[in-house]
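Student: I have a model open and want to read its ligand sites. Can you walk me through them?

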2 protein chains.
Amino acid sequence: MEQVDHLAHERRTAEFDVEAMKVVWAGSRHALEIADRMGRLVASDPQFRKDNRTILERKELFRNTLRKAAHAWKLINELKLTDLWHQNAILFWCPLIFDHLLQGMFVPAIKGQGTDEQQKKWLTLAYKMQIIGCYAQTELGHGSNVQGLETTATFDPKTDEFIIHSPTLTSSKWWPGGLGKISTHAVVYARLITDGQDYGVHGFIVQLRSLHDHLPLPGITIGDIGAKFGNGAYNTMDNGVLRFDHVHIPREHMLMRLSQVTRDGKYVHSDVPRQLVYGTMVFVRQAIVSDASKALSRAVCIAVRYSAVRRQFSAQDGGPEIQVIDYKTQQSRLFPLLASAYAFRFVGEWLKWLYTDVTQKLQAADFATLPEVHACTAGLKSLTTSATADGIEECRKLCGGHGYLCSSGLPELFAVYVPACTYEGDNVVLLLQVARFLIKTVSQLGSGKKPTGTAAYFCKAEHLMQWKCNVRKAEDWLNPSVILEAFEARAVRLAVNCAQNISKASSVEEGFAELSSDLVEAAVAHCELIVVSRFIAKVHQVKGRGVEKQLRALCNIYALSLIHKRLGDFLTTRCLNPEQAALANDQLRALYSQVRPNAVALVDAYNYSDHYLGSTLGRYDGNVYPKLYEEAWKDPLNDSVVPDGYHEYVRPLLKQQVSFSRL
Amino acid sequence: MEQVDHLAHERRTAEFDVEAMKVVWAGSRHALEIADRMGRLVASDPQFRKDNRTILERKELFRNTLRKAAHAWKLINELKLTDLWHQNAILFWCPLIFDHLLQGMFVPAIKGQGTDEQQKKWLTLAYKMQIIGCYAQTELGHGSNVQGLETTATFDPKTDEFIIHSPTLTSSKWWPGGLGKISTHAVVYARLITDGQDYGVHGFIVQLRSLHDHLPLPGITIGDIGAKFGNGAYNTMDNGVLRFDHVHIPREHMLMRLSQVTRDGKYVHSDVPRQLVYGTMVFVRQAIVSDASKALSRAVCIAVRYSAVRRQFSAQDGGPEIQVIDYKTQQSRLFPLLASAYAFRFVGEWLKWLYTDVTQKLQAADFATLPEVHACTAGLKSLTTSATADGIEECRKLCGGHGYLCSSGLPELFAVYVPACTYEGDNVVLLLQVARFLIKTVSQLGSGKKPTGTAAYFCKAEHLMQWKCNVRKAEDWLNPSVILEAFEARAVRLAVNCAQNISKASSVEEGFAELSSDLVEAAVAHCELIVVSRFIAKVHQVKGRGVEKQLRALCNIYALSLIHKRLGDFLTTRCLNPEQAALANDQLRALYSQVRPNAVALVDAYNYSDHYLGSTLGRYDGNVYPKLYEEAWKDPLNDSVVPDGYHEYVRPLLKQQVSFSRL
Ligand SMILES: Cc1cc2nc3c(=O)[nH]c(=O)nc-3n(C[C@H](O)[C@H](O)[C@H](O)COP(=O)(O)OP(=O)(O)OC[C@H]3O[C@@H](n4cnc5c(N)ncnc54)[C@H](O)[C@@H]3O)c2cc1C
Ligand SMILES: Cc1cc2nc3c(=O)[nH]c(=O)nc-3n(C[C@H](O)[C@H](O)[C@H](O)COP(=O)(O)OP(=O)(O)OC[C@H]3O[C@@H](n4cnc5c(N)ncnc54)[C@H](O)[C@@H]3O)c2cc1C
Ligand SMILES: [Ca+2]
């Protein structure tokens, strides 16, 4: 294929230093360099080729995934990539293929809930890959409601063992990733019963399969739960079903950091504060937010490049056709997503900081900020994953018909991403938790208890309830403090409205239930404010020619497009009037024009290889059509000119060997 | 499996005659009876079993599809189902498997553009299935912009033939359904060139494959364009690529109803009015709207039933858990979709009427209403397909984790549905056409030219610009004329605003381009008004105990949930004030409570068989969990306990035959 850069003209119009932006996106020069090096390594390794992913049948797909995972491990060892940075970078470039061996949530669960000895024993085995573990919480009948799990772990003082049992069909473990075919061990969540009393759900380490022949141990039934959404996608993963028929495990396999059962069957709490487990939760959620920015930026990169390549309709008869990225409708769908990818990247980075901050506070037994941190991370998980799932599909639609081909990369990206809206907490359930925090915050406003962190703006609730937006002309919307206060005012007012309406109900619980849709909207307002404020804070810190200017534009696009999307909120709470809303729209259009010549360079700054993107439409060089054409012919249906089944089913029809009534 | 109806309690609470509602949904008692009979026939026929659809590899999937299609044809003939009703009913119950042999748009294209003789010749062959045709318009480089197609059909007076040629890679035909492997013929759109002059794009009937051995004819290259989004889904279809290398076809193969080329190469118009082709367009679009209601109702049926089965969290400790359908958040996501499915069903029914009406008008050479009809059908295609695509995915999310399993039926339903947003006109491109019509309508307001049909409300533009909503309490929102006027006022005001802003631009074209996002919103407002007004009109006509009451509630839910969703529109145009918006929300919640006990019965009224739904979660009897469990074990990955690849790739890791650095 020719080596022409069909997007060179787009790259020439960029008004900023792309290399500097790459550093900003990566987080540091060091991170960029490693990511870049590892990316090249993976892209050039034939073992990691993506051919056929989307058309392989399940068994072959799974086998292929194991092969790639083993190869990656070999590589990491051969190259002596002991540095976590390097390892993560490799894993990053090969999304999905590693989850099996990454031991998903198994390691964090033991870290969070295991005693020091338990950690030493099990984590060593896991790190050395002498065992492979999974996280078995969800059951057929219970996901969101963890306290409703039915699996039992009954202490048998005679044998000093727990008996793990699945008393009902709905108590079958269901969904754990890596469980179905690969894991040898699991952290199993079960109701702890001792001395006839039910102490609720606890974690237990259970060996599932023989380390000798990989067969399930006696009393254990394991299988894969079947095909999931999409081509390739999560079908590379063996989400599993697991049933126990009175399986005995040693008493010490209970995760005992917070509580334990003594030799004689007494249930006792340790003196470790329960709050410590929150650390794991913050860690997991920051990882999910960071994944959201990766997935969204990948989709946006494809859609932006293809929109610059694709031309459709001429302005005048006979003139060159218009690049579809020049249509304002295309811009108004695409650029807010481009801005969101950056927004989520920065809020993810900030969550990493929050994690270390929380860890320190927990170690100092300072638990005061936990409710706020919990609400913030739950809300950001919900907000970023929902927006990313919708955003990927929008990017697919922005590519017209060709986006529907697997070779565009977008169908698999969508299918593999969407469960993030459900796992680690259903997004609506999480937003209701945020809402509870907000209502509590409002109710304590008079009490002298000062909201902190991401809720600190409630301190100026009185001011925000009175606040008047002073935007008079479109450019006034470029002032970050105006934007910030508009978002703060909206969030406070929605929360206060909800609290007032709840107080009219016969009970708080009833009011909360009845108004839960409004509460979800208040929660979203709180979370969107966090993202906007983090983006604004980040803009000031960046370096490099033109970088700040571009990010400021994106930050404004993120905020103003949200104002447009949630206009009902802003207007019903009287934060804005209709004229100010119209001015926000005018400014938004101006910002789109400003970003337009930089769009391709802004996605180049992600530094994604063509291998990573895996997209005929998102190619760096923009040479889309020959590649689409070439990929088509690889479909197995093209193995023969006359398809399988023609002779049996089609020819008899054509040859009138069946008689027909008119259809 | 036990034969208990786990949803019996839900069915007992219904406050209306479900059988009567089935008639309303089906359109007539006759239609219901036939659909019911055909549904049973298909469901009980082992040839139509859906096993494995989502896990078959492409070749097997395709072969299976051919088998089912051939079987359906055999059945139709054996049972002598000469009645179109019966035939369509059978096809309905087996979605997708027939499209190949249904000859897609091939037949309508010839009907619309062929002369009487051409119709007689080609349609007879097609109906008898002596040939199989496809519709080859889109190319690799051009979809939306049909006038930009590059394939040429050059008249050669020496041989009295057209020479069909693909001059560039981007001129390759790309996407036509049925082209890749099955079709023997195609209607090919190409630029007609005669006497050195290019007369633009015209349709030609081209034979692609030998009727003897099915091999492509000389000069013709055909293949499948490769895997598409999702499991099963559109991968049952051989969307194809087609290239011509100077292929000769007889002159008479040009579709010549509107124009032709004479023996000596003159291009001449016939006296048939060009407007006649609009009939086909209305026909195709009404079919798409009708498909939207089918697809959305299917997803809603699954989500409603499962939401009534699924229980999560108890109200009090120890009490029975709450059905998730009782959560207001679940209702506020689900019930507007339930209402939309009914709304789209009724607007689809009305479009059928519109089609016969237009056909009559066209025959009477009355073309006055065409622009309005064009805008209306374009807009409704866009509105219903976008809402349905989003709605299916929302239904999937409403099912929590289990909705991600293929056995839920939702992933395939989504993947197979989404291209409806793109084919037959990209939804945004269509809305821009609606907007053009609206702007023109506004510009002619003073001129005495009276808007008709769905645009008739512009006649009272002056009144609507002044209109004040008189809602004072929540129940005022139950008045259909208030709702109607609110939607009319919003639509008129958005259109007028756009027109005014455009008039400030340096040219209409520039203004239109710059404001195209606002214009799209105005177009959506126009289309939503049409759906609301058709729903209101329908409610008065229905019969049966309690039926009207239920539909009135659904109609109000449809309208009020739209008001909430588009609140920015209603508030910026000052159709409503914030208090009235809050009252609409209050009323909406009350309506949810009213519909709640009827929800399961309202989806029962679709009369969908379990076979048709193809969903473990949407089963009529609600016996979800055993079925989920049973389906899981069918995955090929469960063929063996120890998976393929374990010995090569996993065991060496576990056995430390590779050395590890800490990860
Ligand atoms: C790809 C994937 C991987 C997974 N991996 C793992 C794993 O490794 N280990 C593991 O243990 N689990 C895993 N899970 C399971 C996952 O954690 C659960 O699916 C998730 O917690 C959601 O629970 P659910 O499925 O029960 O949803 P449900 O709670 O049944 O949700 C159904 C509907 O009910 C609503 N709802 C529920 N409760 C409320 C409420 N209180 N108020 C209002 N609405 C409510 C929800 O919003 C949703 O619309 C995985 C799931 C998926 C899809
Ligand atoms: C499953 C499937 C089946 C199909 N079957 C057939 C078939 O049987 N026969 C056939 O001939 N074709 C078929 N097609 C092709 C289909 O008709 C085209 O994909 C469709 O017309 C959209 O055109 P496009 O792909 O060129 O999109 P594009 O026009 O390239 O769209 C890309 C983006 O540009 C935007 N855009 C384009 N023009 C404008 C504008 N003027 N203003 C603003 N924005 C604009 C769009 O909104 C979109 O976001 C099929 C496609 C699919 C996916
Ligand atoms: Ca095979």
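Tutor: Start with ligand 2, which lies between chains A and B. This is a predicted model, where local features need pLDDT of at least 70, side-chain atom pairs count only at pLDDT 80 or more, and totals for chains, interfaces and linings use all residues. Residues are numbered from 1 along each chain, chains are lettered from A and ligands numbered from 1 as written, and side-chain values use heavy atoms, without hydrogens and water.

Student: How many residues surround ligand 2?

Tutor: A residue is near if one of its heavy atoms lies within 4 Å. Here 30 residues surround ligand 2, and A:Arg310, A:Gln330, B:Thr138, B:Ser144 and B:Asp426 are the closest.

Student: Which polar atoms lie by the oxygen atoms of ligand 2?

Tutor: A polar contact is a pair of N or O atoms within 3.5 Å. The side chain of A:Arg310 places an N or O atom 2.6 Å from a ligand 2 oxygen. Backbone atoms contribute too: a polar one of A:Gly401 at 2.8 Å, and an N or O of B:Gln137 at 2.9 Å.

Student: How much of ligand 2 does the protein cover?

Tutor: Accessible area comes from the Shrake-Rupley method with a 1.4 Å probe. Ligand 2 has 980 Å² on its own, and the protein covers 92% of that.

Student: What coordinates the calcium ion, ligand 3?

Tutor: Donors are N, O and S atoms within 2.8 Å of the metal (3.2 Å for Na, K and Ca); water is not among the atoms, so sites may look incomplete. The calcium ion is coordinated by A:Glu57 (OE) and B:Glu57 (OE), at 2.6 to 2.8 Å.

Notes
Polar contact = N/O pair within 3.5 Å; in protein donor to acceptor, adjacent residues only side chain to side chain.
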